[in-house]
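Hi everyone, thanks for making time this morning.

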Amino acid sequence: MCGYGNPLLICVCSNFTARVGKTSLIMSLVSEEFPEEVPPRAEEITIPADVTPERVPTHIVDYSVDSHNDGSIIRCQITAIIFDCKNFSQLTFRLPLILVGNKSDLVEYSSMETILPIMNQYTEIETCVECSAKNLKNISELFYYAQKAVLHPTGPLYCPEEKEMKPACIKALTRIFRISDQDNDGTLNDAELNFFQRICFNTPLAPQALEDVKNVVRKNLSDGVADNGLTLKGFLFLHTLFIQRGRHETTWTVLRRFGYDDDLELTPEYLFPLLKIPPDCTTELNHHAYLFLQSIFDKHDLDRDCALSPDELKDLFKIFPYMPWGPDVNSTVCTNERGWITYQGFLSQWTLTTYLDVQRCLEYLGYLGYSILTEQESQASAITVTRDKKIDLQKKQTQRNVFRCNLIGLKGSGKSGVLQALLGRNLMRQKHIRPEHKSYYAINTVYVYGQEKYLLLHNVCESDFLCDSEIMCDAVCLVYDVSNPKSFEYCARIFKQHFMDSRIPCLVIAAKSDLHEVRQEYSISPAEFCKKHKMPPPQAFSCNTVDAPSKDIFVKLTTMAMYPFIYLPSSSDVRAVHRVKYRIKTWKEVKQNNLNSYPSVCFCSHARLRCMCTCNRCTFCICQNLLNSDLLQSVKNKLFTAVLNRLRAAVAELGAMLLSDEESSIVHQVHAVRSVEDSIFMESSLDPQHVTQADLKSSTFWLRASFGATVFAVLGFAMYRALLKQR
């Protein structure tokens with residue numbers, strides 16, 4: 001059968017060699033009058049969609065056994081068998097069919113009573129109608145019923161012999177009822193019925209109309225209405241009533257709105273909407289999807305213990321054609337003491353499915369009715385496609401919320417312990433997990449700088465060579481057993497083969513740290529290996545604890561995945577670090593020698609202040625270069641000389657005044673001042689002849705200049721110390 005909205009092909013034929021008027025029916029439909037001259041066969045006619053009640057383009061073929069051998073009867077979606085109302089004793093049928101009694105103007109009685117036993121005998125007949133091409137009786141109705149028989153067939157919905165709906169239809173309508181029952185109380189209240197009516201028929205029901213519907217159900221079904229709400233039995237009864245009264249288009253409208261095709265199967269377009277995912281991008285659930293999943297969890301958490309029991313989980317997945325989660329889910333996400341999936345574990349499992357297999361996540365959301373309940377175009381609106389990881393590295397920031405870390409190590413090194421420790425399980429709780437229920441994945445939330453992120457751990461099986469899917473991740477965790485001397489060698493070998501030159505940060509974990517540590521059979525120790533390859537030192541870890549194991553390593557792994565440029569500097573950062581190290585080395589070498597032997601060396605503050613800039617124009621560089629500039633040194637020496645000359649003149653004047661009384665004392669003070677002057681000149685390494693007495697034009701001017709220079713020097717030194725302290 002054709003899908004809803006596709007072109008419809010109607011084949012009008014006769015089961016007899018005699019002329020029954022099929023061509024006259026087609027010509028009367030087109031011209032809206034009876035043709036006096038009828039051709040042997042009408043050409044194929046196309047009726048535009050805008051003039052048909054169902055808005056479907058329709059092609060009508062006048063089929064003749066003698067002249068048609070192009071397969072039209074096979075390609076058509078509906079066959080209208082025309083018979084003469086005066087002669088209908090030799091009817092045979094093909095599928096699907098409608099019976100049309102033509103030339104009703106030639107008889108004074110109706111043939112419907114005679115046709116009804118034939119319709120009951122052949123359930124494939126959708127409907128029967130009498131018409132007259134001469135009187136234009138039921139001409140439009142004929143082709144309307146033909147369209148209706150294709151777009152809204154009765155066969156998939158209803159069994160006339162048993163007078164009840166078929167199992168496939170009951171199953172589909174039951175799923176629709178469960179999705180519409182948003183509070184999971186087993187009935188559709190007025191608000192839920194209005195929502196159902198609006199999303200299916202784009203119009204709400206008036207309060208009186210709702211009561212009329214309930215009253216009809218009450219009269220015919222004792223348990224169809226409960227607590228003033230429509231039960232599942234009442235819901236199914238209503239649709240059975242619609243079909244029996246010839247309004248099966250109502251049921252088909254509901255079924256197609258919830259994604260069903262003509263065979264009562266969910267269409268691939270509904271379950272798997274188009275979603276483009278560029279390379280190096282990941283998929284995550286957005287905020288609206290998490291709100292929807294939260295409502296689903298609350299709907300089925302009947303005892304309000306923030307966990308789904310096995311019965312509650314089974315009730316949730318009743319609308320699925322199969323059970324999507326296996327027993328390994330309990331060892332993949334967080335559970336409570338009883339082993340029931342918690343609210344956080346529920347969201348984590350959906351996050352894991354979205355990250356690893358987004359198409360399966362779209363399928364699951366389709367079963368839950370995401371696009372219907374949220375009134376979105378498709379489930380694709382629940383997915384966020386992250387940007388390319390290369391862009392994150394360039395911008396040194398990420399918008400991702402899910403980070404994948406691969407655990408690599410020998411079998412028995414403690415990877416499973418690390419995996420389960422993420423879920424808060426110590427060694428005692430891990431022993432209760434059955435081997436067939438173990439999972440290679442674990443996911444949980446981790447807080448990094450106050451932000452909630454998902455950390456996904458993947459236990460990579462031991463192998464000498466890793467495939468691309470085992471290498472692609474956000475961080476690598478190399479796990480070795482401290483009690484096994486051959487454990488670290490495998491981690492070192494895998495690191496050199498796949499991750500030494502990659503852009504993926506790595507962390508070494510010394511698992512089973514509660515056991516006696518032995519020397520690893522490798523050329524260097526794990527600590528030296530990490531130092532050599534510029535990795536963080538090995539992190540001691542043990543899950544053999546009384547309480548839940550520490551989550552420090554998981555916070556560190558998530559931080560490394562979020563900010564890989566910190567733990568794995570780019571080439572420009574490496575060059576800047578090398579420049580700093582070179583300047584520190586140069587500064588130390590010059591400091592050990594005589595400063596006078598390096599007059600041209602400018603000591604930039606990069607090395608001493610650990611400045612990482614390379615422009616030589618930052619605040620620290622400018623301040624230091626200004627203090628070391630030749631101009632400032634010259635001004636400082638001239639000020640020192642002027643102050644000392646002024647002091648020498650004042651001392652001489654004072655000596656002349658007090659020479660008669662305290663000559664010996666004054667001479668002694670003058671000698672002391674001169675000794676201080678000589679020492680200052682030696683420290684400044686300047687020639688005192690640069691400024692002479694002749695340069696002093698005004699003693700007042702030089703006193704002011706001396707004071708200003710002193711204030712400037714003090715303020716400059718204070719600013720320099722303040723900047724140094726902040727750095």
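Let's start with helix α22, residues 552–562: eight of its eleven residues are buried, so the helix is largely enclosed by the rest of the structure. Buried here means under 20% relative accessible area, exposed means over 50%, and partly exposed is in between, with a 1.4 Å probe and protein chains only. The buried ones in α22 are I553, F554, L557, T558, T559, M560, A561 and M562. When I say helix or strand, I mean DSSP runs, H or I of at least four residues for helices and E of at least two for strands, numbered from the N terminus.

A bit of housekeeping before we go on. This is a predicted model, in which local features need pLDDT of at least 70, side-chain atom pairs count only at pLDDT 80 or more, and totals for chains, interfaces and linings use all residues. Residues are numbered from 1 along each chain as its sequence is written, and side-chain values use heavy atoms, with hydrogens and water left out.

So how confident is the predictor? pLDDT is its confidence in each residue, from 0 to 100. The protein chain averages 79, and 73% of the residues score at least 70. Over residues 569–588 the pLDDT is below 50, and that stretch has 17 contacts in the model beyond near neighbours in sequence. Residues 590–617 also have pLDDT below 50, with 47 contacts beyond near neighbours in sequence. A contact means heavy atoms within 4.5 Å. Where pLDDT is low, the predicted coordinates should not be read in detail.

Now to the sheets. There is an open sheet of six strands, in the order β17-β18-β16-β19-β20-β21, with mixed pairing. At its edges stand β17 (441–448) and β21 (539–540), each with a single partner strand, so one side of each has no neighbour in the sheet. Two strands count as paired if DSSP finds at least two bridges between them.

Let's take the β17 end. β17 and β18 pair in the antiparallel sense over eight bridges, and Y441 has H458 in β18 as its bridge partner. The two strands form a hairpin with two residues between them, and Y449 in the turn has a positive phi of about 50 degrees. Strand β18 itself, residues 451–459, is mostly covered, with seven of its nine residues buried. On to its partner β16: six bridges join β16 to β18, and these two run parallel. F403 stands opposite L455 in β18.

At the other end, β20 (residues 506–511) and β21 pair in the parallel sense over two bridges, and I509 stands opposite Q539 in β21. Helix α20, residues 487–499, lies across β16 (402–408), β19 (475–481) and β20, running at about 160 degrees to β19. For that angle, axes are lines fitted to C-alpha atoms, for helices over the stretch in contact, and angles run from 0 to 180 degrees between N-to-C directions.

There is also an open sheet of three strands, in the order β9-β11-β10, with antiparallel pairing. Its edge strands are β9 (187–188) and β10 (225–226), each pairing on one side only. Two bridges join β10 to β11, residues 229–231, and V225 has L230 in β11 as its bridge partner.

Here is one for you: is T354 buried or exposed? T354, in helix α13 (residues 343–356), is buried, with a relative accessible area of 0%. Leaving aside neighbours within four places in sequence, T354 is in contact with T283, E284, L285, C361 and I383. The C-alpha atoms of T354 and L285 are separated by 6.8 Å, although the two are 69 residues apart along the chain. The backbone oxygen of W350 lies 2.7 Å from a polar atom of the T354 side chain.

Two last residues, for their backbone angles. Most residues other than glycine have a negative phi. E375, though, has a positive phi near 55 degrees; E375 lies in the loop between α15 (370–373) and β15 (383–385), and at 43% relative accessibility counts as partly exposed. K534 also has a positive phi near 55 degrees. The place of K534 is in the loop between α21 (526–532) and β21, and at 68% relative accessibility K534 counts as exposed.

Methods:
pLDDT is the predictor's confidence in each residue, from 0 to 100. A polar contact is a pair of N or O atoms within 3.5 Å; within protein, one must be able to donate a hydrogen and the other to accept it, and residues adjacent in sequence count only if both atoms are side-chain atoms.
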